[in-house]
Amino acid sequence: MIEIDIHKRLLSTTGNFNLKVSCRINKGELVSIFGSSGAGKTTILRLIAGLTQQDSGSISVNKTTWFDSTNKINLNPQKRKVGFVFQDYTLFPNMTVKENLEFALNKGQSKDVINELIQTIELTDLQDRKPETLSGGQKQRVALARALVQKPSILLLDEPLSALDGEMRIKLQDYILKVHKKYNLTTFLVSHDISEVFKLSDHVIKLENGSILQQGTPEELFLDKKTTGKYKTIGTILSIQPSDVINIVSILSNNNIIQVIATKEEASNLSEGDKVMITSKAFNPIIQKI
């Protein structure tokens, strides 16, 4: 169990605001922190990692206190069992992939974990190459492996896939799920992508102006509970083409383009770029904006 009670005054482009977040997270959950830019999402990760100090409150992980302003407890980042994956990879350019991983080892730690991670994240063919020869997706796989070298109990992911194209993003999502389950991690993911949040998360915290607006499962936050259907997928509207009394809506979902017929009334609240959920009920596809 992770218990978080965060109070931190922040400066944004629109002025000062207070980050106030209190929640309990079960061990082994993948939690997405979702919301607009400047809401305090990345700051929450930095506070958990100890890279930024909160003004007051507490952080407790599996009954161990990491921060408590009342009792003046503040574990330094090295003592918090956290792996952090940033947006910009931060690999050492003069080291090979394997050397980047070995550099993250604790003193006296066995190198066996390096070979295990190279196999798990499929880096065997890349281990002797330097970062400048790797694609963005390959670099992020290395960064993910490096974050796991010290066997953290918590994995923090700060929009790690935002710079990747659609196909590579999907592959990296699968790697994240794989290591999350294999190593029994509690994972916090910051993301702006609803489809990514929906696919990966057990629990979602929706943040607005430093406060929790909503939290729950992805279904509870993004779906109309009255909408049911055996087939469900999330996508982005590419185009809406009027045709007589109907509209043909083209939707990009998992690198496939799906075309769905919608009435003019159904299409009236839809726009290009909207994230939507497509469900099938009695063989009729239904588009729902999320």
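A salt bridge is taken here as a side-chain nitrogen of Lys or Arg within 4 Å of a carboxyl oxygen of Asp or Glu.

**Entry 1: conventions.** I worked on a predicted model, in which local features need pLDDT of at least 70, side-chain atom pairs count only at pLDDT 80 or more, and totals for chains, interfaces and linings use all residues. Residues are numbered from 1 along each chain as its sequence is written, and side-chain values use heavy atoms, with hydrogens and water left out.

**Entry 2: salt bridges.** I found six salt bridges in the structure. I noted one between Lys 275 and Asp 193, at 3.8 Å from N to O. Lys 275 belongs to strand β15 (residues 275–281) and Asp 193 to the loop between β9 (186–190) and α6 (194–200), so this pair ties together parts 82 residues apart in sequence. Helices (H or I, at least four residues) and strands (E, at least two) are DSSP runs, numbered from the N terminus. For burial I used relative accessible area: under 20% is buried, over 50% exposed, and in between partly exposed (1.4 Å probe, protein chains only). Lys 275 is partly exposed, because its value is 22%, whereas Asp 193 is buried at 15%. Salt bridges with shared partners join Arg 169, Asp 193, Glu 196 and Lys 275 into one network.

I then looked up Glu 3, which pairs with Arg 24 in a salt bridge whose closest N and O atoms are 3.1 Å apart. Glu 3 is in strand β1 (residues 2–12) and Arg 24 in strand β2 (residues 15–25), 21 residues apart. Glu 3 is partly exposed at 31%; Arg 24 is exposed at 60%.

A further salt bridge joins Lys 8 and Asp 55 (3.8 Å, N to O). Lys 8 lies in strand β1 and Asp 55 in the loop between α1 (41–49) and β4, so parts 47 residues apart in sequence are tied together. Lys 8 is buried, with a relative accessible area of 17%, while Asp 55 is partly exposed at 47%.

**Entry 3: nonpolar cores.** A nonpolar core is a set of buried Ala, Val, Leu, Ile, Met, Phe, Trp, Tyr and Cys residues joined through side-chain atoms within 4.5 Å. The largest has 35 residues, of which Leu 101, Ile 121, Leu 123, Leu 144, Val 149 and Leu 155 touch the most other members. Two or more residues come from each of α2 (97–103), α3 (112–120), α4 (136–147), β8 (154–158) and α5 (166–182). Another core lies apart from this one, with 28 residues that include Ile 4, Ile 25, Trp 66 and Ile 154.

Beyond its neighbours within four places in sequence, Leu 144 contacts Val 85, Ile 121, Leu 155, Leu 157, Tyr 175, Ile 176 and Val 179. In α4, Leu 144 is one of the buried residues, and ten of the twelve residues of this helix are buried.

**Entry 4: single residues.** Thr 96 sits in the loop between β7 (82–85) and α2. Thr 96 counts as buried because its relative accessibility is 14%. Leaving aside neighbours within four places in sequence, I list Gln 127, Asp 128, Arg 129 and Lys 130 as the contacts of Thr 96.

Lys 63 is not a glycine, yet has a positive phi of about 70°. Lys 63 is placed in the loop between β4 (56–61) and β5 (64–68) and is exposed at 84%. Lys 151, also not a glycine, has a positive phi of about 50° and lies in the loop between α4 and β8.

Technical notes. Contact means heavy atoms within 4.5 Å.
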